[in-house]
Amino acid sequence: MTIMSRAAEYVFQPAPIPTLPVRGSGRLFPVHRIYCVGRNYAEHAIEMGHDPNREPPFFFQKNPDTLVPDGGEFPYPDRTSDVHHELEMVVALGKGGKDIPEDRALDHVFGYAVGLDMTRRDLQAEMKKLGRPWEIGKAFEHSAPCSEIVPASEIGHPTSGEVRLEVNGEVRQKGDLNQLIWTVPEMISYLSGLFTLQPGDLIFSGTPAGVAAVKRGDLMHGRVEGVGELRVRVV
Ligand code: MN
């Protein structure tokens with residue numbers, strides 16, 4: 001018998017696969033990577049001090065194990081005193097690919113969700129200033145709350161609809177999907193030129209204006225019209 005006949009054993013138990021529930025199915029969507037697009041609404045680009053003209057989209061990643069489910073808790077993170085909410089529509093891919101043409105991009109979408117790109121703004125600003133990567137500002141524990149996924153087979157591919165975040169019942173962020181600088185097909189096509197996309201990838205599509213700080217006890221309630229809702233408490 002060769003050594004291959006023995007099943008390889010892990011040296012420790014591997015972490016579970018991160019998942020999100022799929023609405024109405026009792027089934028789970030296994031998450032592969034989380035991509036986020038930056039500055040995809042003109043008014044948010046302006047509030048962050050950038051030119052809103054149509055420059056190529058840019059991306060960063062969060063780790064799939066930073067997801068927080070709807071109804072979950074967001075523990076106020078360490079090493080920061082300025083944590084911001086960024087409410088975003090999330091695109092969930094059911095099919096991967098490379099160099100996906102725009103006119104085929106929507107065939108790769110399994111569904112949509114409502115997400116929060118939580119950001120340690122003070123650390124992100126420091127990294128921007130130093131020209132360093134954004135991970136410490138963006139990819140920390142619990143930084144990616146996300147709702148259940150709603151299949152495109154039920155809701156289609158929304159291109160307009162209000163994107164709104166309330167904190168403790170007060171409206172903080174408001175925009176419309178029709179204000180996205182880079183549309184969903186455009187961002188999938190562009191991203192697939194840089195990375196090999198996989199089934200299970202999520203794309204956080206950018207946040208409208210109104211990003212602001214949260215504090216412990218706040219209830220964040222996000223809604224993307226035609227997609228769904230997300231409720232997360234800061235603890
Ligand atoms: Mn964002």
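Cys 146 is buried, at a relative accessible area of 1%, where buried stands for under 20% relative accessible area, exposed for over 50% and partly exposed for the range in between (1.4 Å probe, protein chains only). Cys 36 is buried too, with a relative accessible area of 0%. Across the whole structure, the search finds 0 disulfides, a disulfide being a pair of cysteine sulfur atoms within 2.5 Å. The model described here is predicted, with pLDDT of at least 70 required for local features and 80 or more for side-chain atom pairs, while totals for chains, interfaces and linings use all residues. Residues are numbered from 1 along each chain as its sequence is written, and side-chain values use heavy atoms, without hydrogens and water.

A metal site comes next. The manganese ion is coordinated at 2.1 Å by Glu 86 (OE), Glu 88 (OE) and Asp 117 (OD). Along the chain, these donors follow the spacing E-x1-E-x28-D. Donors are N, O and S atoms within 2.8 Å of the metal (3.2 Å for Na, K and Ca), and the site may look incomplete because water is not among the atoms. Glu 86 and Glu 88 are both buried.

Glu 86 is also among the contacts of Thr 119, together with Asp 82, Val 83, His 84, Gln 124, Gly 137, Lys 138 and Phe 140, when residues up to four places away in sequence are not counted. Contact here means heavy atoms within 4.5 Å. Thr 119 counts as buried because its relative accessibility is 0%. Thr 119 belongs to strand S10 (residues 119–120); strands (E, at least two residues) and helices (H or I, at least four) are DSSP runs numbered from the N terminus.

S10 takes part in an open sheet of 3 strands, in the order S10-S7-S16, with antiparallel pairing. S10 and strand S16 (212–213) are the edge strands, each with a single partner, so one side of each has no neighbour in the sheet. Strands count as paired if DSSP finds at least two bridges between them. S7 and S16 are joined by 2 bridges, and His 85 has Ala 212 in S16 as its bridge partner.

Helix H2 (residues 121–130) has Arg 121, Leu 123, Gln 124 and Met 127 buried. These residues lie on the same side of H2, because they cover an arc of only 160° around the axis, taken from the directions from the helix axis to the C-beta atoms. The buried residues of H2 pack against strand S7 (83–85), S10 and helix H3 (135–138). After H2 comes Gly 131, with a positive phi near 70°.

Another set of antiparallel strands is built around S17. Strand S13 (residues 162–167) is joined to strand S17 (residues 219–224) by 5 bridges, with Arg 164 opposite Arg 223. On to strand S18 (residues 228–234), S17 makes 6 bridges, and Val 224 stands opposite Gly 228. S17 and S18 form a hairpin with 3 residues between them, and Gly 226 in the turn has a positive phi of about 85°.

The largest nonpolar core has 38 residues, of which Phe 74, Val 91, Tyr 112, Met 118, Ile 188, Ile 203 and Met 220 touch the most other members. Elements giving two or more residues to this core include strand S8 (87–93), helix H5 (184–194), S13, S17 and S18. A nonpolar core is a set of buried Ala, Val, Leu, Ile, Met, Phe, Trp, Tyr and Cys residues joined through side-chain atoms within 4.5 Å. Apart from this core lies another, of 17 residues, including Val 31, Ala 92, Ala 113 and Ala 144.

Most residues other than glycine have a negative phi. Arg 39, however, has a positive phi near 45° and sits in the loop between S3 and helix H1 (42–47). His 142, with a positive phi near 65°, is found in the loop between H3 and strand S11 (144–146). Arg 39 is partly exposed, at a relative accessible area of 26%, and His 142 is partly exposed at 33%.
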